[in-house]
Amino acid sequence: MTCKLGHYETYIFDLDGCLYTGNEPYPGSIALISYLADKNKKIIFLSNNSTETSEEVLAKMSGMGFPVLGMKAMVATDLTGKYLLEKYGRVTVSVCGSKSLETSLRGFGHRVVRLDDHSTSEFIVLGRDVHFNYEKLRRSVNQVQRGAKLVLTNSDVYHPGAFGERVPETGALLASVLSMLDRPSVISIGKPEPYPFQKALELSGTSRDACLMVGDNIYTDIKGGRNAGIDTLWISYHRSRPRASPVPTYKVSTIDGFYRKLRNQI
């Protein structure tokens, strides 16, 4: 099956945990992106990052040494505001999340109001909030009780950090919110939901069978890619695939291993 790895027109990459961890590129990742760019392949970065905007992510990658000039990133931070605009128009939101998430929502024309007991929010947007606390939990839950819709930037429970640490993600915060609500309805934006893949395909301008989704998370990258009808490559980093989990089209142990296989094909 590896004979096809180099024949795609568009390569869609997850970021944190796939190409780098924290601010450290994985071995071979910069060389891989440079190699694909030299071969005139389309490259799209598709991430569930909900704390930084696409521009901030690209700037960070450039600082690491990735040749991102002219490349596109799509992150949950920006996809959330875009989705709300397309689905509901300009709305009033309260945010549990980063300043970048608030800035992005405003950039799409939404009105961002404080998360307090007297605001009149139509939506509560929950992202990865490193300052999430008891009061934000109380206020978020009671806003939803009064009729606000709950929007989740991404469903990840954690992402990999330095030295193998697990970094709490949006899904972990959601668990506390859901524990206080009866049969809540949650609008989820990030992978594995269809919306990010739909937007990536639109941006690529290529057909589904000409795209390859590359990622390390079997439940977001691989499941979402499969559901979207896109071939997938799982970077396992020497992990075994959990039983009954989605089956990727391809599997390699490291991003450097992917790079070495490509060099023999393109």
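This is a predicted model: local features need pLDDT of at least 70, side-chain atom pairs count only at pLDDT 80 or more; totals for chains, interfaces and linings use all residues.
## Pairing strands

Two strands count as paired here if DSSP finds at least two bridges between them. Strand β1 (residues 10-13) and strand β13 (residues 211-215) meet that mark, with four bridges joining them in a parallel run. Within this pair, isoleucine 12 stands opposite methionine 213 of β13.

## The six-stranded sheet

β1 and β13 belong to an open sheet of six strands, which follow the order β5-β4-β1-β13-β14-β15 with parallel pairing. The edge strands are β5 and β15 (250-252), each of which pairs on one side only. Direction ignored, neighbouring strands of this sheet are turned by 20° against each other on average.

Helix α8 (residues 218-227) lies across β13 and β14 (231-235), and runs at about 165° to β14. Helix α9 (residues 255-263) lies across β1, β13, β14 and β15, with an angle of about 170° to β1.

## Strand β4 and its neighbours

Five of its six residues are buried, so the strand is largely enclosed by the rest of the structure. On one pairing, β4 is joined to β1 by four bridges, and the two strands run parallel; here threonine 10 has lysine 42 as its bridge partner in β4.

β4 also pairs with strand β5 (residues 72-75), again in the parallel sense and over four bridges. In that pairing, phenylalanine 45 stands opposite alanine 73 of β5. Together with helix α2 (residues 54-64), β4 and β5 make a right-handed β-α-β unit.

In soluble globular proteins, nonpolar side chains tend to be buried together. The largest nonpolar core of this model has 33 residues, and those with the most contacts inside it are Phe13, Leu19, Phe45 and Phe258. Apart from it lies another core, of 26 residues, including Met74, Leu79, Ile187 and Ile230.

Phenylalanine 13 lies in strand β1 and is buried, because its relative accessibility is 0%, below the 20% cut-off. Among the residues that phenylalanine 13 touches are Leu19, Ile33, Phe45, Met213, Ile255 and Phe258. Phenylalanine 45 has its own set of contacts, including Phe13, Leu19, Ile33, Leu58, Met61, Ala73 and Met74.

## The five-stranded sheet

A further open sheet has five strands in the order β7-β6-β8-β9-β12, and its pairing is parallel. β7 (111-112) and β12 (186-188) stand at the edges with a single partner strand each, so one side of each is left without a neighbour in the sheet.

Strand β6 (residues 92-96) and strand β8 (residues 123-126) run parallel and are joined by four bridges. There, cysteine 96 stands opposite leucine 126 of β8. Helix α6 (residues 170-178) lies across β8, β9 (149-152) and β12, and runs at about 155° to β9.

## A buried threonine

Threonine 80 has its place in helix α3 (residues 76-88).

Which backbone oxygen does the side chain of threonine 80 reach? That of alanine 76, at 2.8 Å. Threonine 80 also touches Leu105, Val125, Val151, Thr153 and Ile189, leaving aside residues up to four places away in sequence.

## Backbone features in the loops

In the loop between β12 and α7 (194-204) lies proline 192, and a cis peptide bond with omega of about 15° joins lysine 191 to proline 192.

The loop between α6 and β12 holds arginine 183, which has a positive phi of about 50° although it is not a glycine. Arginine 183 is exposed, with a relative accessible area of 84%. Alanine 244, in the loop between β14 and β15, has a positive phi too, near 70°, and is likewise a residue other than glycine. At 78% relative accessibility, alanine 244 counts as exposed.

Definitions and conventions:
Residues are numbered from 1 along each chain as its sequence is written. Side-chain values use heavy atoms; hydrogens and water are left out. Buried means under 20% relative accessible area, exposed over 50%, partly exposed in between (1.4 Å probe, protein chains only). A crossover is right-handed if, with the strands pointing away from the viewer, the path from the first strand over the helix to the second runs clockwise. A nonpolar core is a set of buried Ala, Val, Leu, Ile, Met, Phe, Trp, Tyr and Cys residues joined through side-chain atoms within 4.5 Å. Contact means heavy atoms within 4.5 Å. Axes are lines fitted to C-alpha atoms, for helices over the stretch in contact, and angles run from 0 to 180 degrees between N-to-C directions. A polar contact is a pair of N or O atoms within 3.5 Å; within protein, one must be able to donate a hydrogen and the other to accept it, and residues adjacent in sequence count only if both atoms are side-chain atoms.
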